Amino acid sequence: MKIIVYTSPGCYWCKRLRKLLKLAELNYEERIIDTSLQWDTIELVQKYPEANSFPFVIIEGKGIGGLGLTARKLLSLGVISKETLTDV
């Protein structure tokens, strides 16, 4: 499963998302977006206009959203259990 995670430095929800993915033993590519206008930022907004906050997760090319929507998606795929969420 190809997972790309866009994060920003110091982001509390990004830290929790990384913990969730670690607990689920999932590999992912992290792209850190800072306040400067970078190519990653432009590419993200052009491809996924709904990406208006961090973290933003893409699974198999489909924009998922932040921590909550990603957790729901992983639950629906059977990758994590509800018990996993209590540790995040």
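## A partly exposed tryptophan and the aromatic pairs

Trp13 has a relative accessible area of 44% and is therefore partly exposed, since this class lies between the limits of 20% for buried and 50% for exposed residues. The model in which this residue is described is a predicted one. The chain contains two aromatic pairs, and Trp13 belongs to one of them, with Tyr12 as its partner. The ring centres of Tyr12 and Trp13 lie 5.0 Å apart, and their planes form an angle of 75°, an edge-to-face arrangement.

The rings of Tyr48 and Phe56 also form a pair. Their centres are separated by 5.8 Å and their planes meet at 50°, so this pair is classed as tilted. Both Tyr48 and Phe56 are buried.

## Overall form of the chain

The protein chain holds four helices and four strands. Read from the N terminus, these elements follow the order β-α-β-α-β-β-α-α. Along the principal axes, the C-alpha atoms occupy a box of roughly 40 × 25 × 20 Å.

Of the 88 residues, 39% are buried. Among the contacts between residues at least 6 apart in sequence, 59% link residues that are at least 24 apart.

## The four-stranded sheet

The four strands of the open sheet are arranged in the order β2-β1-β3-β4, and their pairing is mixed. At the edges stand β2, residues 29-32, and β4, residues 62-65, each of which pairs on one side only. On average, neighbouring strands in this sheet are turned by 25° against each other, with direction ignored.

Strands β1 and β3 run antiparallel and are joined by four bridges. Within this pairing, Ile3 has Ile59 of β3 as its bridge partner. Strand β3, residues 56-59, also pairs with β4 in the antiparallel sense, here over three bridges. Ile59 takes part in this pairing too, with Lys62 in β4 as its bridge partner. The side chains of β3 point in two directions: Phe56 and Ile58 one way, Val57 and Ile59 the other way, and all of them are buried.

## Helices against the sheet

Helix α1, residues 12-23, packs on the sheet and touches β1, β2 and β3. The direction of α1 makes about 160° with that of β1, which spans residues 3-7. Helix α3, residues 67-76, lies across β3 and β4 and runs at about 115° to β4.

## Loops and backbone features

The loop between α2, residues 39-47, and β3 contains Pro55. The peptide bond leading from Phe54 to Pro55 is cis, with omega near 0°.

Which residues other than glycine have a positive phi? Glu25 is one of them, with phi near 60°, and Glu60 is another, with phi of about 50°. Glu25 is placed in the loop between α1 and β2. With a relative accessibility of 71%, Glu25 counts as exposed, because it passes the 50% limit for that class. Glu60 is found in the loop between β3 and β4. These strands form a hairpin with two residues between them, and Glu60 counts as exposed at 54% relative accessibility.

Ser81 is located in the loop between α3 and α4, the latter covering residues 82-86. Its relative accessible area is 30%, so Ser81 is partly exposed. Although Ser81 and Ala24 are 57 residues apart along the chain, their C-alpha atoms are separated by 9.0 Å.

Conventions:
Residues numbered from 1 in each chain as written. Predicted model: local features only at pLDDT ≥ 70, side-chain atom pairs only at ≥ 80, totals over all residues. Heavy atoms only, no water. Pairing = 2+ DSSP bridges. Axes fitted to C-alpha atoms, helices over the stretch in contact; angles between N-to-C directions. Contact = heavy atoms within 4.5 Å. Buried < 20%, exposed > 50% of the residue type's maximum accessible area, 1.4 Å probe, protein only. Phe/Tyr/Trp six-rings, centres within 6.5 Å; stacked < 30°, edge-to-face > 60°.
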